[in-house]
Amino acid sequence: MSESTTYAVPPVERALKLLRHIGAGDPVINVSRSAAALGINRTTLIRLLHTLEAERFIERRPDGVGWRLGLGAFTVAAEALAQQDIVRVSTEVLQALVKEIGLSAHLAVLDELSIVYLLRLTPDMPLVSNVRVGSRLPAHATNMGRAILAQLPEARVRVLFAGAALEKVTTQTPTTVDALLTQLAQDREAGLAWSAGYFETGVSSVAAPVFDSTGHCAGAINVTGHADWFGNDQGRREAIGRALARAAADISSRLGFNNKDRNAPWSASISSAA
């Protein structure tokens, strides 16, 4: 038994479990059903709801039915994100990237088998995705997840996904570890992880890993938009790829990564523009 498990406080664990449940989109309209889903006693769940409301971590939805995350939760999250170097250094770079190419830009990190969105910047045009900061998506089915996983040794990927069911999101989603490893090898060869309807039909994107001072893959960035925004000509696609690669190099450099010691996978995309 680990030290963290030994000193865990069950009431706190239940409160956090409830917060994650609400944050994932369940407004807890039916208390009995949510209690069963969470494995929490119904009376305990009601007490937790009222306690979290009093602390402003949750609030009633506008229609008065069910709950949503409150200002207290967002304040804590915002303060945590503000202290993350990768978020701080990525914000300015991605703002410039969005302005340059007119596509939405995102930053995500790997958390077990999922990616978690830490940053989302959008141009002044209709949105093509409902993803938001804090969203969790399956790493194997997203190109930012692929961009990160492609930097891991094959053995590590196999251990990571051992016994896991790889959910099929679209017809392009790898549903076995071998299929995923094949995709990751293609991403490494390309230097960038491209997607044309890979996660959402009609939506294209391209992702690149970012590295820290130790050479560790700290996360990934991508740009996303309607498929036709990427253009039908190869020149537009290559321009987007180069812009993303430069942004990934800039963020990595600000995090202390020295590309002279280890060529990053997107290096070729940048040098091809020279």
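This is a predicted model: local features need pLDDT of at least 70, side-chain atom pairs count only at pLDDT 80 or more; totals for chains, interfaces and linings use all residues.

Author: Let's start with Arg136, which counts as partly exposed at 46% relative accessibility. Residues are numbered from 1 along each chain as its sequence is written, and side-chain values use heavy atoms, with hydrogens and water left out.

So what does Arg136 meet? Its side chain joins that of Asp111 in a salt bridge, with 2.9 Å from N to O. (A salt bridge here is a side-chain nitrogen of Lys or Arg within 4 Å of a carboxyl oxygen of Asp or Glu.) This pair links distant parts of the chain: Asp111 sits in strand E3 (residues 104–111) and Arg136 in strand E5 (residues 136–138), 25 residues apart. Helices (H or I, at least four residues) and strands (E, at least two) are DSSP runs, numbered from the N terminus. Asp111 is partly exposed as well, at 32% relative accessibility.

Now place this bridge among the others. The structure holds ten salt bridges. Another one joins Arg146 to Asp187, whose closest N and O atoms are 2.8 Å apart. Arg146 lies in helix H7 and Asp187 in helix H9 (residues 177–190), so this pair ties together parts that are 41 residues apart in sequence. Are these two partners buried or exposed? Arg146 is buried, with a relative accessible area of 1%, and Asp187 is buried too, at 7%. Some salt bridges share partners, and in this way Glu92, Asp250 and Arg254 are joined into one network. A further bridge runs between Asp63 and Arg61, with 3.9 Å between the closest N and O atoms. Here Asp63 counts as exposed at 53% relative accessibility, while Arg61 is partly exposed at 26%.

A pair of aromatic rings is described by the distance of the centres and the angle of the planes. There are two aromatic pairs in the structure. One of them is formed by Phe211 and Trp266, and it is tilted, with 6.3 Å from centre to centre and 55° between the planes. (Rings of Phe, Tyr and Trp, the last by its six-membered ring, pair if their centres lie within 6.5 Å; planes under 30 degrees apart count as stacked, over 60 as edge-to-face and the rest as tilted.) This pair also links distant parts of the chain: Phe211 is in strand E7 (residues 203–211), Trp266 is in the loop between helix H10 (234–254) and helix H11 (267–271), and they are 55 residues apart. Phe211 counts as buried at 1% relative accessibility, and Trp266 is buried at 2%. Together with Phe257, these residues form one aromatic cluster.

Leaving aside neighbours within four places in sequence, Ser252 is in contact (heavy atoms within 4.5 Å) with Val210, Phe211, Phe257 and Trp266. Ser252 is itself buried, at 0% relative accessibility.

Elsewhere, Phe57 lies in the loop between helix H4 (42–54) and strand E1 (58–60), and counts as partly exposed at 25% relative accessibility. Its C-alpha is 4.5 Å from that of Gly72, although the two residues are 15 apart in sequence. Beyond four places in sequence, the contacts of Phe57 include Leu19, Leu52 and Val76.

Finally, step back to the whole chain. It has eleven helices and eight strands, and 43% of its 274 residues are buried. Of the contacts with a separation of 6 or more, 55% are between residues 24 or more positions apart. As for pLDDT, the predictor's confidence in each residue from 0 to 100, the chain has a mean of 86, and 88% of its residues reach 70 or more. Among the elements, H1 has the lowest mean pLDDT (55) and helix H7 (residues 143–149) the highest (96).

Terms used:
Buried means under 20% relative accessible area, exposed over 50%, partly exposed in between (1.4 Å probe, protein chains only).
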